[in-house]
Amino acid sequence: MLTKEQQNAVDVVMSQQNGILAINAVAGSGKTHTAHNIIKAVQPKTGFYSAFNKAIVTDSKQKFGNLIDCKTFHALAYKYVQPSKSIEDLHYNTIKEDLPYEDKAVIIETLDNFFRSSSVDIQNYVETHCHNLELQGFIVHYANKMLDGEIPPTFNYLLKCLHLMLLHNEVQIDFDLLLYDEVQDVTSVTLEIFKLINAKRKVMLGDTYQNIYSFMDTVNAFEELKDVNLFKLTKSFRCNEDIADEVEKFGMKYLEDDFVFSGNEFIIPESQYKVAYISRTNAMLIERMYKLINQRQSFKLTRDIKDIFSLPTALLMASQGKPVFEKKYKYLEREYHKWQDVKKTYKTYFEYIVDITEDSLLESVSKMLLNFSQKGINIFKLRESVTNLIPNSNIILTTAHAFKGLEMDNVYIEDDLNNSVNRTILRMKELSRMVPDDPRNYLTKEQKEDLNTYYVALSRAKTGIVNVNYF
């Protein structure tokens with residue numbers, strides 16, 4: 001059974017022949033159910049559903065069955081580009097020139113950023129985004145080597161190829177129905193592909209305030225495509241009315257003046273003991289692990305333990321002057337040698353990192369390790385204890401990013417989430433005294449993401465929220 005809002009969205013899709021319909025759906029409002037009914041109503045002979053996240057595409061394939069083809073845009077690009085070599089990441093070893101690690105990192109990062117961008121001119125892009133003339137030449141050189149098949153292509157290279165093929169009419173893709181899900185977090189190149197594909201009916205779905213992956217250089221399609229036909233789904237079937245009131249109060253105050261979020265009066269808690277501890281960072285996640293282990297409580301994680309402990313492990317190895325094996329953290333070895341020269345100022349390596357870094361995640365993990373060191377807590381033993389736990393699905397430990405799309409009876413908001421959102425709220429109050437219009441217009445992308453991340457965390461709860469502490 002569809003709500004009136006959902007049925008209106010289906011009706012508009014059925015009546016449209018051109019243009020894009022955008023469905024902005026609050027958390028738990030039946031976005032997938034609406035998409036399913038759109039597919040059933042249209043009954044496309046050629047239909048295509050995609051999303052930025054492969055896991056979402058795989059899950060939707062199970063839900064939609066044979067009604068529509070569900071693939072990532074990477075898979076679609078592979079079909080049309082048909083690379084001669086197998087797909088690989090661009091590695092430091094691929095770059096044969098005798099260049100410092102930092103220069104190779106710039107080449108790899110700039111090239112990948114170009115592939116994910118909406119730009120169609122690599123020379124112009126490189127000149128704009130890299131100010132080292134020598135490295136500019138290397139970036140273009142390795143793009144051409146990939147184009148000529150001399151080195152393996154990356155998945156993002158395939159997207160750029162499909163983008164250019166569509167733009168220059170080298171290929172034409174036609175669908176009766178094209179659905180693009182979770183569009184609040186997409187790469188610019190996939191958004192361009194979505195726009196260039198020919199489809200009788202195009203629908204983009206998502207929740208503009210679940211845009212929380214800016215660190216992955218994503219864009220919010222709701223902001224990029226403002227002149228589209230917009231429908232809103234505002235009733236959440238996930239949570240009771242008390243939770244909905246809490247979410248709506250936060251949303252109206254800090255996200256959008258006319259933010260609407262209503263709940264479901266029939267939601268009944270399964271158990272008061274089912275709880276998800278939601279943090280902003282892995283550092284706080286690890287601190288919660290330590291507390292629960294000491295209380296002899298078991299729990300379940302939503303991410304691989306290796307990923308959660310990768311940065312702390314790298315920092316610990318670097319602090320002892322030992323090799324760091326994960327490539328993206330190799331730079332910590334150099335910081336160790338720099339610290340050796342300023343030991344009189346910084347007693348520990350972690351204090352040094354906290355002072356010199358501008359990376360909030362690196363800072364939070366360094367502070368955690370400093371705290372653990374002072375308390376005599378061995379993080380390797382902690383990791384071993386967590387690894388040997390029998391998972392308890394009644395207690396979930398997660399970050400807001402990792403719990404997106406999921407839900408739990410009760411949600412505990414960790415202090416790092418409260419602290420980050422309060423810093424942004426204080427900044428909004430400062431701006432309100434300085435600017436004539438809405439202070440939200442002057443927030444940085446990271447500050448806007450702090451507000452969105454808090455909304456995501458709040459909207460995971462079905463019946464209870466604990467430790468909500470924002471101004």
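Guide: In helix α3 (residues 54-64), K63 and D59 are four residues apart and therefore separated by about one helical turn; helices here are DSSP runs of H or I with at least four residues, and strands are runs of E with at least two, numbered from the N terminus. This is a predicted model, in which local features need pLDDT of at least 70 and side-chain atom pairs count only at pLDDT 80 or more, while totals for chains, interfaces and linings use all residues. Residues are numbered from 1 along each chain as its sequence is written, and side-chain values use heavy atoms, with hydrogens and water left out.

K63 and D59 form a salt bridge whose closest N and O atoms are 3.0 Å apart, the term denoting a side-chain nitrogen of Lys or Arg within 4 Å of a carboxyl oxygen of Asp or Glu. K63, at 44% relative accessibility, is partly exposed, and D59 is partly exposed at 34% (buried means under 20% relative accessible area, exposed over 50%, partly exposed in between, with a 1.4 Å probe and protein chains only).

The structure holds 25 salt bridges. One of them joins E150 and K145 at 3.1 Å, N to O; E150 is partly exposed at 48%, whereas K145 is buried at 18%.

Another salt bridge links R280 with D450 at 3.4 Å between the closest N and O atoms. R280 lies in the loop between β7 (275-279) and α12 (282-294) and D450 in helix α19 (residues 445-458), so this pair ties together parts 170 residues apart in sequence. R280 is partly exposed at 25%, while D450 is buried at 13%. Shared partners also join K31, D181, E182 and K404 into one network of salt bridges.
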